[in-house]
Amino acid sequence: MDSFNLDKLRSYIPENLPQLPKLPLRMPTWPAGHSSMNPDNEVNEDDDEYGPVMTTGSKEGKRPVKSRSTITDEGRSFEAPQPISTGPRSNLDLINECDNFPYYQTNPKLFFAHINTYYALYIADYPGTELGYILPSVAAVLRGLPDWRVDDHDRSLTLVTGSTETERSKIVAMTTSALRATDHFKILRGWRDELYPVYGPNRDLLFSIERAASALFGIVTYGVHMTAYTRSKRPKSEAEVGGDEEEMQIWVPRRAATKQTYGGMLDNTVAGGVATGESVLEAMVRESVEEASLPEDLVRKHAEAVGAVTYFHIRDQRAGGETRLLQPECQYVYDLELPESVVPKPSDDEVEGFELMGVEEVKEALRQGEFKPNCALVLLDFFVRHGILTAKDEGYIEMVARLHRRLEFPTV
């Protein structure tokens, strides 16, 4: 990443940036017995360079020492994740490509090695609640700016002013707008003028942030994904016994090749983000009309809410912009059975077209890595719920569990 000119960024900060009274910073404490993210302050000589010492509690009044205070992007960094380049993907391969942030239970050392690379995002009113993970290169850009505090020892970035959602959102908006004006981060070239919510531990709305900047701050984002399908009769062959049989087919769009994110890949029938103040259903209806030209009354009446898929994604080059940014996400999932007379059609330039694909065709496209990573997870969830994938399929139990990850941060 190119070097950053802090004076240049300051020149973009509006003069009316609110300078609210500085709130006292209360150092958080870890609850007794909390050890899964609390390496001991002391170094065990038997550990290798990635290995934290595990304890059964924490020292009162101290945050975890996340890095022994020496890890930087340039020092101990991780290579950007890479898509599987050759060979067919298994169902677990598809999950691993999307839900690719390490699990503590599976590999504690790798988990802590990642955790200790990032800075945690806080606000002053909730000093013990991590809201996201941020690359050191992002935290460094905010160092010295009004209303933000970077602490290298605690590896934290804290919004230290603002006591209401409105005040915090205004500060965040001014900061992200200034970052956009500098053109330092490529991801902000995809500015959407859409606000995403950030929630606290009590499901309270803490602030809103521009959609394109959400991955820079590593906060949890929310979306809606719908699989539209049909059931039609097809005549059995002469070798088969009986009359016609029912066949399921799924409407699959292909993303426009010009899209900044995952251009040219296959997608779920309808997919989009849930904005601040928008209900999940209203987001689903809006996206259905905007992306697939589906009648609003049909979607409201027949779209079925069937759960959610959650994952923690580390972005690769297909996502556009900087790699290694973090995206913990929740996708609310809908099914919609369409009559054969209803045909989804593109209504904007984000989709090239829709194709009605049989289940085996969809499975093959999944194996070949043609689907956008999170859309692949939504389809696997669809196959599980409809009995297309069952306990006889390899890795079934792990697959089902991995589709519903418990996220590291507060959720609504």
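**Salt bridges and aromatic pairs in the predicted model**

A salt bridge (a side-chain nitrogen of Lys or Arg within 4 Å of a carboxyl oxygen of Asp or Glu) joins the side chains of R255 and D267, with an N to O distance of 2.7 Å. R255 belongs to strand β8 (residues 245–255) and D267 to the loop between β8 and β9 (270–273), so the pair ties together parts that are twelve residues apart in sequence; strands are DSSP runs (E, at least two residues), and helices are such runs of H or I with at least four, numbered from the N terminus. R255 is buried at 9% relative accessible area, and D267 is buried at 10% (buried: under 20%; exposed: over 50%; partly exposed: in between; 1.4 Å probe, protein chains only).

The structure is a predicted model, in which local features need pLDDT of at least 70 and side-chain atom pairs count only at pLDDT 80 or more, while totals for chains, interfaces and linings use all residues. Residues are numbered from 1 along each chain as its sequence is written, and side-chain values use heavy atoms, without hydrogens and water.

The salt bridges number 26. One of them joins D183 and R189 at 3.0 Å, N to O; D183 is partly exposed at 39%, whereas R189 is exposed at 55%.

Aromatic pairs (rings of Phe, Tyr and Trp, the last by its six-membered ring, with centres within 6.5 Å; stacked under 30 degrees between planes, edge-to-face over 60, otherwise tilted) number 16 in the whole structure. The rings of Y133 and F312 are stacked, because their centres are 6.4 Å apart and their planes at 20°. This pair links strand β2 (residues 132–134) with strand β10 (residues 304–314), across 179 residues.
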